[in-house]
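Read the following paragraphs with the model open beside them. They begin with one chain, pass to its partner, and end with a single residue elsewhere.

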Amino acid sequence: MTDPASDAIIELAGISRTFGGGAGRVVAIDGVDLRVGRGEFVTLVGPSGCGKSTLFNIAAGLADADPGGEIRFGGQRHAGRDLLGRVSFMPQRDLLLPWRRVIDNAILALEVEGMRRADARARALAMMPEFGLAGFERHYPHQLSGGMRQRVALIRTFLFERDLMLLDEPFGALDALTRTMMQRWLLDVWQRHRRSILFITHDVDEAIFLGDRVVVMTARPGRIKLDVAVDLPRPRPAHVATSAGFLRIKSALLDAIEEESMKSFTMAGH
Amino acid sequence: MAGRLGRFVAAALVAGIGAAATDAMAAEAVSVRLKWVAQAQFAGFYVAKAKGFYAAEGLDVTVNPGGPNLNGETLVASGADHFALAGGIENLLASRAKNLPITGIAMMLQRTPSAYVAFNDSGIKSPKDFKGKKVSTFFTGAHNTLYAVLSKFDVGANDLSVVPQAVSMAPFIDRQIDVATVMLFNELNVLKARGVKDFTVFRAEDYGVSFPSDTLIVNEKLIAERPKTVQAFLNGSMRGWKYAAANQAEAVDIVMKAASGLDRAHQLAMLAEYSKLMVADLGTSQGIGAMDLAKLEAVRQSLVERKVLDAGVRIDSALEPKFWNAVPAEYKKP
Amino acid sequence: MTPGRILALQTATILACLALWEGAARIWGGPYSVMPSVSAVLADMVANHAALARGILRTLTETVLGFAAGAAFGFLAGAAFAQFRLLERLLLPLLVVSQTVPVIAFGALVVIWFGNGILSKVVIAFYLTFFPVTVNTLRGLMSVDPQRVDLMRSFGASAWTLFWRLRLPFALPAIMASLLLGVSLSLVGAIVGEWFGDTVGLGIMLVQAMYAENMPRLWSVVVACGVLGAGLYGILAAIERRFVWWGREL
């Protein structure tokens with residue numbers, strides 16, 4: 001008996017999350033169904049305030065969903081909190097600890113798991129060149145540029161070896177040039193390590209360039225509006241962004257997103 | 001030969017027994033609280049300890065210095081200290097009015113330790129002229145003396161401006177106030193040492209007022225339970241004071257050994273003046289520490305008249321003279 | 001500016017102030033002025049150096065013991081309040097009330113409870129130190145970035161790990177700031193504590209000098225207190241710069 005969904009690393013079915021009660025009741029996400037396959041790179045776009053972060057917190061086990069939905073992780077049903085420690089989670093901000101050197105920030109998760117510090121450092125050290133951080137191991141975060149700090153946060157996420165990685169707008173704060181380089185580099189690393197990734201972004205180009213699938217969420221309450229497969233061959237060169245296939249997907253996404261943005265704009269106006 | 005040996009053995013035995021006896025009745029530990037930080041004002045206690053006068057009475061005395069806001073009456077009443085050198089008789093009477101279980105057993109100063117100073121060019125010739133002036137005094141007891149002196153001239157508390165005096169003579173020297181209070185054994189010496197001249201000292205005794213001060217007090221419970229201890233302490237203390245008054249330079253050395261950082265010249269002047277107040281009147285005729293009941297009763301009456309003391313508080317309820325009377329004359333008679 | 005030049009400038013500033021003081025005292029002050037000359041103060045310090053050294057040693061001991069006890073208690077109380085908020089609601093108001101009573105008001109109580117030895121001085125130094133440390137420890141631990149807490153929790157961190165790896169380092173700059181304040185308060189506590197009956201210490205020397213209006217002595221003791229306070233503060237500030245430097249990075 002093979003579960004038809006067993007090739008999915010995570011599967012959310014009918015997940016909702018409501019804050020407050022009475023007149024102040026806010027439905028952040030409403031009946032979200034989302035599936036990430038093993039080794040798949042799924043990107044998630046949507047207007048601000050669509051509940052993307054709420055969804056992430058639920059997937060990471062940091063928050064509970066309302067009763068009624070179902071979370072399957074690796075084919076098993078889970079209550080939300082069980083997922084703590086099972087998903088590799090990277091929030092928008094790098095959240096480096098200023099009192100730790102680069103190397104010790106990188107091994108934070110390993111340390112929490114109880115690995116000996118020397119062993120953890122040796123592993124992190126081996127990964128430093130791949131993340132472009134060789135020679136910066138003993139620097140403190142405040143001595144690094146924004147792009148480098150973000151790479152330290154990524155290495156920390158990668159070293160916490162879980163099958164699913166949740167990345168919440170990791171390149172949102174970077175300038176365009178650095179951002180492009182980081183995207184190429186992330187794809188490179190992903191292809192070598194073959195983890196499953198769920199990646200939030202505001203940037204439609206980024207979503208298409210990176211993803212196997214792009215998922216669009218609606219404005220509050222957050223629902224899944226669109227789920228598009230990106231059938232562009234990998235590796236994807238930079239000029240893929242001008243190809244007909246890319247532009248076709250992009251225009252479909254932009255239409256959907258504009259509709260939702262207008263909705264949330266009008267809502268905010270009242 | 002045998003006789004000499006016998007005498008030697010006997011002497012050795014006596015010495016041995018003596019030593020054993022001293023060990024057997026280990027010295028009884030008691031403490032005395034001073035009314036201020038260690039200085040020559042308290043030389044007698046330090047001398048008695050250093051010269052072994054307390055040890056001879058079988059006591060091991062700890063001398064606890066006082067300080068700002070530390071009240072000897074309270075500490076003895078609470079049992080934190082066995083004895084204290086407290087304030088004037090007016091403070092003792094006030095404590096009795098509050099039912100503190102303390103009793104005076106000796107009075108160190110026969111005469112009022114505080115006096116008033118005014119510059120000669122101020123036109124103040126007598127306390128009568130304090131009227132309408134700005135007068136500073138210590139509100140820890142000295143103010144009672146001031147009002148008693150003024151009442152002799154029918155000057156009331158509202159006829160002048162009385163302000164609390166800071167621990168400095170600078171406001172007087174700078175003429176911010178017309179009349180200041182001095183302790184004869186301290187502030188007066190400060191003025192002299194600073195080279196301040198052309199001022200007059202008004203002393204309470206010149207106007208028929210006398211507020212004896214520095215009462216040695218003890219907890220009533222100690223009198224009831226260990227009268228021998230009280231007697232022993234008083235014997236040693238009086239002996240110490242007599243020695244200190246007669247050997248002032250040595251006494252100051254002893255005090256300075258106990259409390260570092262004191263100025264020797266200032267301490268010598270203090271002890272000289274303190275001794276004069278101590279060895280005066282009954283202090284001369286009967287002995288150091290005598291309690292002059294006639295003077296004390298006069299103080300009580302002036303306090304009752306000013307309505308700062310309840311008429312029901314009597315001198316004999318506050319004092320117990322029997323211990324001082326039992327102190328051998330050679331320990332107290334100067 | 002290099003640290004060396006800053007030091008040189010600081011030294012020059014201090015020397016200039018001393019020269020001004022000396023000049024002013026010579027022009028306006030007499031031999032027994034309230035503001036004695038620098039040379040008179042220095043002469044007194046030299047003449048009185050043995051007693052001064054004993055006083056400094058004694059007051060230093062009281063300050064360090066009281067400070068250590070206050071810092072330890074303050075830290076534990078703050079950490080306990082941060083962990084158990086009910087405890088904070090119940091006990092913190094009591095601690096606040098305790099701090100509104102001026103220390104000078106309960107001299108006799110301190111003596112009755114803690115005796116005449118060094119303990120009563122240590123207790124007063126402790127009393128003045130522990131409160132700011134408690135409050136800042138609590139504040140520091142509570143102000144920890146919730147997103148970083150979430151991150152650590154997503155790694156599967158226990159409450160214990162969270163405390164040692166995140167909350168405590170996060171709170172350390174605030175705690176350190178309260179220690180800098182606390183060490184000065186602790187010195188004040190030791191000095192005031194000596195007023196409740198003692199024979200050795202800078203506080204007693206202050207009272208003696210004030211009572212006898214010995215101005216050079218008063219100032220030489222004030223200078224000793226200042227040097228002691230600045231020294232203790234400097235040591236803690238150096239520790240902060242070396243080990244707890246990330247306050248501005250949080």
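Of the 250 residues in chain C, 49% are buried, where buried means under 20% relative accessible area, exposed means over 50%, and partly exposed lies in between (1.4 Å probe, protein chains only). The model is a predicted one, in which local features need pLDDT of at least 70 and side-chain atom pairs count only at pLDDT 80 or more, while totals for chains, interfaces and linings use all residues. Residues are numbered from 1 along each chain as its sequence is written, chains are lettered from A and ligands numbered from 1 in the order in which they are written, and side-chain values use heavy atoms, with hydrogens and water left out.

Chain C has 10 helices and 0 strands; helices (H or I, at least four residues) and strands (E, at least two) are DSSP runs, numbered from the N terminus. Read from the N terminus, its elements therefore follow the order α-α-α-α-α-α-α-α-α-α. The C-alpha trace of chain C spans about 75 × 55 × 25 Å along its principal axes. Contact means heavy atoms within 4.5 Å. Counting contacts in chain C between residues at least 6 apart in sequence, 77% join residues at least 24 apart.

Next comes the place where chain C meets chain A. Here 20 residues of chain C are in contact with 23 residues of chain A. Together the two chains bury about 2100 Å², of which 66% is on carbon and sulfur atoms; buried area is the accessible area (1.4 Å probe) that two parts lose on being put together, summed over both. There are 2 salt bridges between chain A and chain C, a salt bridge being a side-chain nitrogen of Lys or Arg within 4 Å of a carboxyl oxygen of Asp or Glu. One salt bridge joins the side chains of Glu111(A) and Arg165(C), at 3.0 Å from N to O. Chain A and chain C also have 4 residue pairs in polar contact, both residues at pLDDT 80 or more. A polar contact is a pair of N or O atoms within 3.5 Å; within protein, one must be able to donate a hydrogen and the other to accept it, and residues adjacent in sequence count only if both atoms are side-chain atoms.

On the side of chain A that touches chain C, strand 6 (87–90) and helix 3 (108–113) of chain A each supply at least two residues. Helix 3 of chain A gives the largest share, 4 residues. By class, this side of chain A has 15 nonpolar, 2 polar and 6 charged residues. Ala, Val, Leu, Ile, Met, Phe, Trp, Tyr, Cys and Pro count as nonpolar, Asp, Glu, Lys and Arg as charged, and the others, Gly among them, as polar.

Chain A itself is divided into domain 1 (1–86 + 169–175 + 187–270) and domain 2 (93–161), with bounds from an automatic or database domain assignment. Taken over C-alpha atoms, the centres of these domains are 27 Å apart. In chain A, 8 residues of domain 1 are in contact with 11 residues of domain 2, and the two domains bury about 780 Å² between them. Between these domains there is 1 salt bridge. The side chains of Arg192(A) and Glu130(A) meet in a salt bridge at 2.9 Å, N to O.

Last, consider chain B. Is Thr145(B) buried or exposed? Thr145(B) counts as buried because its relative accessibility is 2%. This residue lies in helix 6 (residues 142–151) of chain B. Beyond its neighbours within four places in sequence, Thr145(B) is in contact with residues including Thr112(B), Tyr116(B) and Phe211(B).
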